[in-house]
Amino acid sequence: MALRASSKLLRDVLNKKLISSSLVSARHCASAAEAAPKIPHSSKKGRLFTGATIGLVIAGGAYVSTLDEATFCGWLFSATKLVNPFFALLDPESAHRLAVSAAARGWVPREKRPDPSNIGLQVWGRNFSNPIGLAAGFDKNAEAVDGLLGLGFGFVEVGSVTPIPQEGNPKPRIFRMPREGAIINRCGFNSEGIVVVAKRLGAQHGKRKLDETSSHSSSSTDEVKHGGKAGPGILGVNLGKNKTSEDATADYVQGVHTLSQYADYLVINVSSPNTPGLRKLQGRKQLKDIVKKVQAARDEMQWGEEGPPPLLVKIAPDLSKEDLEDIAAVALALRLDGLIISNTTVSRPDPVSKNPVAKEKGGLSGKPLFNLSTNILKEMYILTRGKIPLIGCGGISSGEEAYQKIRAGATLVQLYTAFAYEGPALIPRMKAELAECLERDGFKSVLEAVGADCR
């Protein structure tokens, strides 16, 4: 039985061009309005490389198809590493556009193995199979939610979504620094707009409900269900404002009215460095006004037993102690559901500062951001007295680093740049490493370890 199932899965994957699965290892914001670009014509060397890679994939698949499903699934994720070098030859925007298209078409591995039991947790009344999520910016327009959740992320955040479609800043606007494991981007909220995103999420939501109905009779009532409105994981929707908008609050309210019914949680993004004036909204008065009005807009809508989606705010890492104190005060006073710490940085910490690419304007993400964002995370955990769930984001590239974020106060964590460089194989590795870290230090669950370094 296992042999027949594995062989069938292999044929299906190969028929869908498994070679495309590692497209998700490429990064970055693509213009929302442009169609998926064609791959440039390969050179003779490129054709030889691609042919050799396909041969390795087929040969390896022929072998592992004789093994059990878990082994086969592991091989699929490992196989995506074989073609990562090819995508480094493409410019970042083309590579990212191809990556999103591949995930949207299901040309990526699908995780069939259960997550380690000690990394599952419940936050906001929602069950997460693991605390590792994909940050906003990869799937800006909700094109590939099912494929990305299927990779094994505990949650995926789409956006930022703006009310009116906009192309963002002029290209080029994404710059790689592979030696430093970093990227600079100045995309500027390129978005197809909330109407397009709402249609996509609505279709996905309808499909999800249909699948739940058809499988209801065969499911156990005692089984713990992991997942949310979009599928086998939790879906977050990140809301942005249009560049030319004079009323940021109205933009966020419009996003809530249109998209909140499809979201397991909502995010107000006031921290991108690539939209003029956006970061000024992190001030105490401005932030308090925005959060109060957005909460009111959400709460005035009709909700079922599950209630309205939690509301979070994403902040920058380039904040003073006074700024952090103001944000913490607003979060506590208004009972904000969570904070994401942090967005990209406009600073250029070593070793990035020595790279000529560092002169490019935009937000820096990746490994050099890890210490800065983790320090801000720890400070905010102390200021909020551990009363508000925090999502740690910035520079995570291993299970050990995810664990450090959790010990610094994060309940959940997000990554992006490391995923862009390493591809799908990173996800199962990180989950296994995180489970080992918890067991090593005597924690039976993620929640037990949250804020351990602040006690």
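Analyst: The answers below set values against definitions.
This is a predicted model in which local features need pLDDT of at least 70 and side-chain atom pairs count only at pLDDT 80 or more, while totals for chains, interfaces and linings use all residues. Residues are numbered from 1 along each chain as its sequence is written, and side-chain values use heavy atoms, with hydrogens and water left out.

User: What makes up the secondary structure of the chain?

Analyst: The chain has 15 helices and 13 strands. Helices (H or I, at least four residues) and strands (E, at least two) are DSSP runs, numbered from the N terminus.

User: What is the order of the strands that close into a barrel?

Analyst: The barrel is closed by 8 strands in the order β3-β4-β7-β8-β9-β10-β12-β13, with parallel pairing. From one strand to the next the twist averages 25°; axes are lines fitted to C-alpha atoms, for helices over the stretch in contact, and angles run from 0 to 180 degrees between N-to-C directions.

User: Why are β12 and β13 said to pair?

Analyst: Two strands pair if DSSP finds at least two bridges between them. Strand β12 (residues 390-393) and strand β13 (residues 412-415) have 3 bridges in the parallel sense, so they count as paired. Glycine 392 stands opposite valine 413 in β13.

User: In which sense do β5 and β6 pair, parallel or antiparallel?

Analyst: β5 and strand β6 (residues 182-185) pair in the antiparallel sense over 4 bridges. Phenylalanine 175 stands opposite isoleucine 184 in β6. The two strands form a hairpin with 4 residues between them, and glycine 181 in the turn has a positive phi of about 65°.

User: Why is alanine 420 called buried?

Analyst: Buried means under 20% relative accessible area (exposed is over 50%, partly exposed in between; 1.4 Å probe, protein chains only). Alanine 420 has a relative accessible area of 5%, and is therefore buried. This alanine lies in helix α13 (residues 417-422). Alanine 420 and isoleucine 183 are 237 residues apart in sequence, yet 9.7 Å apart in space, C-alpha to C-alpha. Across the chain, 57% of the 455 residues count as buried.

User: What makes α5 mostly covered?

Analyst: In α5 (residues 92-104), 11 of the 13 residues are buried. Its buried residues, among them Arg97 and Val100, pack against α4 (84-88), α6 and β5 (174-177).

User: Which residues does glutamate 143 touch?

Analyst: Contact means heavy atoms within 4.5 Å. Not counting residues up to four places away in sequence, glutamate 143 touches Arg97, Val100, Ala104 and Arg200. The side chains of glutamate 143 and arginine 97 are joined by a polar contact of 2.5 Å.

Note on methods: Polar contact = N/O pair within 3.5 Å; in protein donor to acceptor, adjacent residues only side chain to side chain. Expected span 1.5 Å × (residues − 1).
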